[in-house]
Every structure is written in structure tokens, then in C-alpha cells.
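Visitor: I'm new here and would like a friendly tour. Could you show me the sequence and structure, then let me ask away?

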Amino acid sequence: MLEAPGSVEAPREATAPGPDACAASPTDRRGSVNALRAAFAPAEGPSSDTVAVAPPLNLEGPTLWLARAIYSETKLPHEQELVAWVVRNRVETAYRGRRTYRAVVLDPYQFSAFNPGAAKRARYLRLQPEAPLPRWRQALWVARYVRHAEGRAYRPFPVETRHFYSERSMRGRAVPYWAERGGFVAPDPGRYAVDERRFRFFKQAS
């Protein structure tokens with residue numbers, strides 16, 4: 001049901017954001033979000049895959065599943081953050097009866113990279129924190145940040161926002177039926193610069 005945007009331009013990752021970027025108070029939410037992005041600022045030119053930041057310590061299983069999902073959808077940190085909130089919203093509302101991150105990610109025909117028979121499914125399922133891939137390590141930090149963010153001030157959109165699709169990935173295919181029913185949600189433009197051709201988010205879709 002969720003459509004993957006496919007290959008996207010990768011951000012540069014030279015340094016890890018550190019625990020402070022993932023554990024600020026709600027009143028400091030803008031600073032914490034910016035600190036996370038600053039650590040993984042998109043490169044102006046071709047980015048390097050040769051420098052991998054350290055993965056978060058004491059990484060939990062649910063965070064690993066969340067990181068796999070967002071890494072499969074996009075390599076840009078601010079987009080990963082928004083996709084992560086969609087996954088978290090599904091867990092918190094037990095969407096389609098799924099109450100864990102693993103169950104949400106593996107829910108059939110919801111996240112295209114994990115569809116039965118998908119070409120890259122096995123690759124994403126095998127990903128572990130120690131894999132020396134800079135953009136994968138970035139996804140681990142973003143997943144940790146979103147999973148542990150507490151308070152409404154952190155949320156970019158309502159908890160009912162549980163769907164997204166990418167216009168760029170829909171070439172030759174119809175727009176998802178649930179998108180035609182409305183419910184479009186625009187993340188706060190003061191915090192996120194989202195190209196709607198890459199990602200559109202929806203609430204109260206079924």
C-alpha cells in the first residue's frame with residue numbers, strides 16, 4: 001500500500017549526532033531535530049560511501065526494524081524521519097492489527113521493499129547495525145530518535161497519519177485509491193522541506 005520512492009540522492013555522513021540529538025526535551029524539539037540533520041547534511045556534490053559513523057549503542061530490536069523500513073524508502077534524513085513517524089503511528093494505533101515494529105514492516109503489501117518476492121527484500125532483512133554503510137548507519141540514528149521521542153511537540157503530523165506514497169515511483173501506475181479520498185497532511189514547513197513529488201502523507205486512510 002505504501003509506495004517506495006526508489007533510488008534517491010544520498011546525504012553525507014561524516015559524524016554521528018550523538019545521544020543528545022535523540023534525547024532532548026519537547027521544548028527543545030526544534031534544536032534536537034536540527035542537530036540530527038546537521039550531522040547528516042546532504043552533500044552539495046556527489047556523496048561518499050566510504051565513511052561510516054558508529055551505530056547507536058544498545059540498539060533494540062524494534063529500532064532495527066524501523067531503520068530497515070526507512071532505509072528501504074529513502075536515503076535523505078528528513079524524509080527518513082517522516083517515514084519513521086508513519087511506521088510508529090501504525091504501531092501505536094495497531095493498524096491492521098499489527099502492534100510491533102516487526103509486524104508493521106512485514107505486513108504484506110504495505111512497504112514495497114518487503115513485499116513477498118521483492119528483489120531487495122532479503123538484502124534489507126539481513127541488515128545489521130554493524131554493516132559499514134554510512135546511509136544505513138544514518139537510518140539507525142534517525143530510527144532511534146523517532147522511537148524514543150516523547151511528547152506531542154515532536155510529532156510532525158497527527159497519529160492518524162499512517163500512509164504515504166511517492167509520485168516519482170508511480171510512473172505508469174495509478175495513484176493509490178486511498179490517496180484519492182483526501183486526508184492529505186503537510187508536515188510543518190518550518191521544520192521540514194518536503195518535495196511533494198517525492199513524498200505525500202495522508203491521515204485517516206484505509
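Visitor: Among contacts between residues at least 6 apart in sequence, what share joins residues at least 24 apart?
Guide: Contact here means heavy atoms within 4.5 Å. Take the contacts in this chain between residues at least 6 apart in sequence: the share joining residues at least 24 apart is 78%.

Visitor: What kind of model am I looking at, and which atoms do the side-chain values use?
Guide: It's a predicted model, where local features need pLDDT of at least 70 and side-chain atom pairs count only at pLDDT 80 or more, while totals for chains, interfaces and linings use all residues.

Visitor: How much of the chain is buried?
Guide: Buried means under 20% relative accessible area, exposed over 50%, and partly exposed in between (1.4 Å probe, protein chains only). Of the chain's 206 residues, the buried share is 49%.

Visitor: Which residues does V87 contact, beyond its neighbours within four places in sequence?
Guide: V87 is one of the core members that touch the most others. It's also one of the α3 residues meeting α2. Leaving those sequence neighbours aside, V87 is in contact with L66, A69, Y101, V104 and F111.

Visitor: How do α2 and α6 lie relative to each other?
Guide: Axes are lines fitted to C-alpha atoms, for helices over the stretch in contact, and angles run from 0 to 180 degrees between N-to-C directions. The axes of α2 (residues 61-73) and α6 come within 8 Å and cross at roughly 125°. Angles under 35 degrees count as roughly parallel, over 145 as roughly antiparallel, 65 to 115 as roughly perpendicular and the rest as oblique. That makes this pair oblique.

Visitor: How do the residues of the contact of α2 with α6 divide by class?
Guide: Ala, Val, Leu, Ile, Met, Phe, Trp, Tyr, Cys and Pro count as nonpolar, Asp, Glu, Lys and Arg as charged, and the others, Gly among them, as polar. The tally is 11 nonpolar, two polar and four charged.

Visitor: What angle do α3 and α6 make?
Guide: α3 covers residues 77-92 and α6 residues 134-148, with axes 9 Å apart. Among the residues that meet are W85 in α3 and Y145 in α6. The pair counts as oblique, packing at an angle of about 45°.

Visitor: How far apart are the C-alpha atoms of D195 and E79?
Guide: D195 lies in the loop between β2 (184-185) and β3 (200-203). At 27% relative accessibility, D195 counts as partly exposed. D195 and E79 are 116 residues apart along the chain, yet their C-alpha atoms are separated by 9.5 Å.

Key: Residues are numbered from 1 along each chain as its sequence is written. Side-chain values use heavy atoms; hydrogens and water are left out. Helices (H or I, at least four residues) and strands (E, at least two) are DSSP runs, numbered from the N terminus. A nonpolar core is a set of buried Ala, Val, Leu, Ile, Met, Phe, Trp, Tyr and Cys residues joined through side-chain atoms within 4.5 Å.
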